[in-house]
Amino acid sequence: NLYHQFCVACHGETGLGGTGNGASLATIGHDAQAVADTAWAGRKTMPTFRGTLTPEQMRDVSNYISDELFASHAR
């Protein structure tokens, strides 16, 4: 999936940080719009994914993070 292709190297399998010094997504992981906004604009050392991902792909990966990845953290 898109998360594994573009995000896992920095944010890790669980979204709580990975080997690429990516920040934990714990503070925004439940908010798909916040995830999409951050990925679209970039933040600190994270590059923008505008032009890399289509708006539909951005929606899909953001929904995966909030609905699948972080839904499991709440269990």
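I started at Cys-10: its sulfur is 8.7 Å from the closest cysteine sulfur, that of Cys-7, so the two are too far apart for a bond. For a disulfide I want a pair of cysteine sulfur atoms within 2.5 Å. My search of the whole structure came back with 0 disulfides.

Before going on, a note on the source: this is a predicted model, where local features need pLDDT of at least 70, side-chain atom pairs count only at pLDDT 80 or more, and totals for chains, interfaces and linings use all residues. Residues are numbered from 1 along each chain as its sequence is written, and side-chain values use heavy atoms, with hydrogens and water left out.

Next I checked accessibility for the two cysteines. My cut-offs are relative accessible area under 20% for buried, over 50% for exposed, and partly exposed in between (1.4 Å probe, protein chains only). Cys-7 counts as buried at 15%, while Cys-10 is partly exposed at 34%.

Then the largest pocket. I take a pocket as an open set of points on a 1 Å grid over the protein atoms alone, where a 1.4 Å probe fits, with protein on both sides within 12 Å along at least five of seven lines; lining residues have an atom within 4 Å of a point. The volume is about 520 Å³, meaning the space filled by probe spheres set on the points, which are joined across faces, edges and corners. I count 25 lining residues, with His-11, Ala-23, Leu-25, Thr-38 and Met-46 nearest the centre. By class the lining has 15 nonpolar, 8 polar and 2 charged residues. Here Ala, Val, Leu, Ile, Met, Phe, Trp, Tyr, Cys and Pro count as nonpolar, Asp, Glu, Lys and Arg as charged, and the others, Gly among them, as polar. α2 (8-11), α3 (32-41) and α4 (55-73) each supply at least two lining residues; the helices are DSSP runs (H or I, at least four residues), numbered from the N terminus.

What does His-11 touch? I get Tyr-3, Leu-16, Gly-17, Gly-18, Gly-22, Ala-23, Leu-25 and Met-46, not counting residues up to four places away in sequence; contact means heavy atoms within 4.5 Å. His-11 lies in α2 and is buried, at 11% relative accessible area.

With residues up to four places away in sequence left out, Ile-65 touches Tyr-3, Leu-25, Gly-29, Val-35 and Phe-70.

I also looked up Ser-62 in α4.

Last entry: Lys-44, in the loop between α3 and α4. Its phi is near 50°, a positive value in a residue other than glycine. Lys-44 counts as exposed at 79% relative accessibility.
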